[in-house]
Amino acid sequence: MGQRGTRTDATMFAKPVPHSIVPGNKPYLTWPNSFENRPKSDFEKYLGDTLDVLKKLGMAHQYRPILKNNYFKNSLIMFYAWPETRDDNPPSIGCFKIIESDDESITFEKKNYFDNNSAYNFDEIMKTTFTNDWTIDYDLSFTINSWANSHFPVAWQPEANQTYMLRSRQPRAGKYFKMIIGRPPFWPEYTENGLDGYPDELGVSGKIGGPYTLDENFKNRMWVYNEGTPIVTKSGGWLSILITSAKNGISRQQKKGQLIGYIRMVAPEVVEMYNASATPVSLANWRVICNTGSLATQIGRIRSTSYYDQKLRRSITDDNPVVQPRGHFYLVNDTKLFDATYGNTDGEWGSTADEQVPVFQMDEDNWGVSYKIKDTKAIGNGIYISLDNFNFNTREIFGNETVKFLDPDNADDPKSWNNVFAYVSGMAMYPTDNEFFTYYYGDYKELKGANLMILGLPHSGGIVSLTLKNEYDQVCARTVDYGKVEIDEFGVTTEKVDPTKNTWVKRKKHSLGGTENKAENKAMQTHKNDKFFIKNGPYCSIGEARNISTGNDFERLGGSGDISKGVAALHSLSKYMSSSHVRLESCIGDVTRVGWNKAYDEVANSSLRSLQAKSGGWKLNKWAGQTLRFLTGPLRGEKYPIISNSKNILILAQNDVKDIPRSAPNRKALKPITGDKFSIGPGYSTPMCYTRKSGESATWTWENVISFPGTYDLYIHGLNDAIDTTEFLEENNNASIDVEVWNYKTREFNMLKKRGKYVKHDSFNAGQIKPENISDNGDVKIRLTAHDVIERNTEDMSGKALVGSGGKQSGIAWFNYAVVTPVPVVGRVNINVASPRLLASLPGIDSKLAKNIYEGLDRMGKKTLKPYQHLGSLFKVKGMTPDIFERCVNILALDSTFFTVKIEAQILKDNPSLEKSNGRGMLSKSEYYQQDIKPDGILASRTKRFVINAIKKDDDHLKFVELENNSIR
């Protein structure tokens, strides 16, 4: 700084510049010319700004930088003599290698770095220039050179240090970043003229003389700074990093230097998952896939997580991460970075009681939106890239995001763009809507047909198709929308007021943290008593509709907000909605099965980490990644993810995890009782049957399940474990199933559905069963035949769906249960004729409300409601609430006009023993028919069932109309 280092002085930058030829005519450097023809004030401002940044980083005092010991070691120092007049070019003294340095001094070799001739050593040149008195009488300046900058920073000296000072997009102190040093995408001839190669190692420890990091053969095309340890910004949002060029492979004479392509400042990125249901949810083996764009890309498969366990009072590693009701779970791009920002900065999440929320690290470099590159073209010092299947204005959607190029098929080619990063420029002019500009050099034609990824979520906000799939690749959630933030709003979060609605608000103070109190946003904290209704199966009652959310935040139909509106809505819905069905289980209950396998067993033995089954017989590791669920015993309802399996043993813990496995939802250790039953597979509340063979059939028979023969719909429920989705396409790769139903008249199977496939809700409609498909005793028999049971691409963890692979298929065909609907329900109470005593016995109804229902009292106490026209009219009864209505409505009816009449006729043989059996002579007619008839006294019998409808003609007469009649035997 200045001639004597006491002030900022731009004189040294003014023309004429020093010679670029060192003694011996050795060309070495080009003097910086970026300030040519610019006023001295510009130079001084530049120097002043640089000094100001150094001071903010604590790297300067007064007008001088603070230099670490040996910071300049291995760099070159070039001396110049100040000329008599400033208009002359300062003569060059020479170029010498620095052997050590500190904050006050620099020590260098005397011999000239480029010529060992003694005439060019430092002493001789100084004598020639300043006479023999040069040790006390000289006027010198010097430059230090090891790294240069042109298209890319390049180091010409081995083991030379360079410091970069960088600032975050929003300049704020106290922000943490992970630093990535990127390599250029190609061999050097595409980047620096005359460069014949550069080394694979770079010193990125941040320490002078520290270790080197190797990126052999362009495998990653980047180096992670200081092993990923987050760096915090200081005053003004500034931070600094120190890098060191490689020991070997650098030589100016051999045209080999160290190249750096870019420096990335990676901020913490967090996706918050919230459980709005009343049931704990296990996330073991869930997959997170981003479908927006041209490709589906997996950004995480949730396995082990670490966090602080309140009950154990220590950090644990959990193979079965669970999100509790009203609980949170974080998907993050980097755990160390997340811990530095939201934890105690020790790099280990879960080390303190403030780090209780489970955290899982996504694949940072695959967290983004992927597109196919349609075409490229060069323009100026960069390239235009057009995207396939993208017809939007890129200027409105993208701005300064990081781009990662994907070319995995050519990843081993040094010229490949695979894993190369760039950024979406804010360049004003875009030729077409689907194009964006990035500054880059190289053979851009190689990009055509390749892919790219916009890392993270575009700042513009909106909708992104982020699919959550459970351990069986079932789609649990599809579209994710998020609020918009501007480019300069770094650190600002967008939050939903109600997690089940679409109202977004911006918060300068985020609601992220290691405890549930810190994780809850401001709106949720004021609605702690609100409960959310999550329906995972069919409706069992019209009353459940009261829990459906309305359009307003934290408001449900009949449950919150304006109750009168909810009551009116339920009153109307009850005219048209009903629920009536029979569920036929595949494995448990009164069912007989021939064929296929059952996915449940009994406990023969167990340890805290594994379980031995009584029957077993499984193929090696075919249950890996699936779920063990207990059906009986002290662990009933608890679930454990299966790590691996042998023929009859299930392993529930990974070898490298010291903690014992814990269940979901109640975090119990594995302590079953011998003989306890359990299911394996999806972990549903009832077990499934399955087959792994195409063409294999199985028959199920259920006895006495349908009381009234009729025409009903038949639904088959199983598991949709082979569906791939992107934003533009869904592929159903499930095994197909033929459904046949037994005809009790023709004594053969009728085909209902050929090659049915489970869709997202795990079921399909197989068709209608008729009265002849139901026996006189109410029996039903179906036969299922599986087709296309193929296992392929199950080991592919990339998440890609559209790469010509044909999708994924699990190699299993499942059957859980069948549903017959709508089946008349026996025993409902007619509210128009039921007595107060009967009404008072129903759930939720006390004697006072029962009397009001019986008398038809409205809310004004007047008898205006009877006869009730539909079930919704109960809302008008004085004292009725949506909660009571939900509890009792499913067992109520409005009339008793449908009757079943069972007629039995018998032909009896004469039985003299019945005569005079009372000692009084002949029996009376009533006594005769009240006697028990011995079986051998019945010559023939016929029973028939009639379903009739009673139509009221007037107060004294009813007309009966036959609806159905069926022979029973």
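Modeller: Cys888 is buried, with a relative accessible area of 0%; buried means under 20% relative accessible area, exposed over 50%, and partly exposed in between (1.4 Å probe, protein chains only). This is a predicted model, in which local features need pLDDT of at least 70 and side-chain atom pairs count only at pLDDT 80 or more, while totals for chains, interfaces and linings use all residues. Residues are numbered from 1 along each chain as its sequence is written, and side-chain values use heavy atoms, with hydrogens and water left out.

Cys587 is buried as well, at a relative accessible area of 10%. The structure holds zero disulfides, a disulfide being a pair of cysteine sulfur atoms within 2.5 Å. For Cys587, the nearest cysteine sulfur belongs to Cys689 and is 3.0 Å away, and Cys587 is in no disulfide.

The interior may be taken next. A nonpolar core is a set of buried Ala, Val, Leu, Ile, Met, Phe, Trp, Tyr and Cys residues joined through side-chain atoms within 4.5 Å. The largest such core has 35 residues, and those with the most contacts inside it are Trp596, Trp700, Leu714, Ile716, Ile782 and Phe815. At least two residues of this core come from each of strand S39 (582–585), S50, S51, S54, strand S56 (763–769), strand S57 (780–787), strand S60 (813–815) and S61. Helices (H or I, at least four residues) and strands (E, at least two) are DSSP runs, numbered from the N terminus. S57 gives the largest share of the core, four residues. Apart from this core lies another, of 33 residues, including Phe79, Ala155, Leu202 and Leu242.

Which residues does Ile782 touch, not counting those up to four places away in sequence? They are Ala698, Thr699, Trp700, Trp702, Leu714, Ile716, Glu740, Val741, Phe749 and Phe815, where contact means heavy atoms within 4.5 Å. Phe708 lies in the loop between strand S50 (697–702) and strand S51 (712–717) and is buried at 16% relative accessible area. Its C-alpha atom is separated by 7.3 Å from that of Gly778, although the two residues are 70 residues apart along the chain.

At the start of H3, a side-chain oxygen of Asp334 comes to within 3.1 Å of the backbone nitrogen of Lys336. S19 also holds Arg264, which counts as buried at 11% relative accessibility. Beyond its neighbours within four places in sequence, Arg264 contacts Lys178, Met179, Ile180, Glu364, Asp365, Thr402, Phe421 and Leu455.

Some backbone details remain. Most residues other than glycine have a negative phi, and most peptide bonds are trans. Thr131 has a positive phi near 70°; this residue lies in the loop between helix H2 (122–130) and strand S8 (140–145) and is partly exposed at 48% relative accessibility. Arg747 has a positive phi near 60°, is found in the loop between strand S54 (736–743) and strand S55 (748–756), and is exposed at 52% relative accessibility. A cis peptide bond joins Thr821 to Pro822, with omega about -10°, and Pro822 sits in the loop between strand S61 (817–821) and strand S62 (829–830). Another cis peptide bond joins Lys866 to Pro867, with omega about -5°; Pro867 belongs to the loop between helix H9 (847–855) and helix H10 (882–888).

For the whole protein, the secondary structure comes to eleven helices and 66 strands. Of its 969 residues, 47% are buried. Among contacts with a separation of 6 or more, 69% involve residues 24 or more positions apart.

How values were computed:
A polar contact is a pair of N or O atoms within 3.5 Å; within protein, one must be able to donate a hydrogen and the other to accept it, and residues adjacent in sequence count only if both atoms are side-chain atoms.
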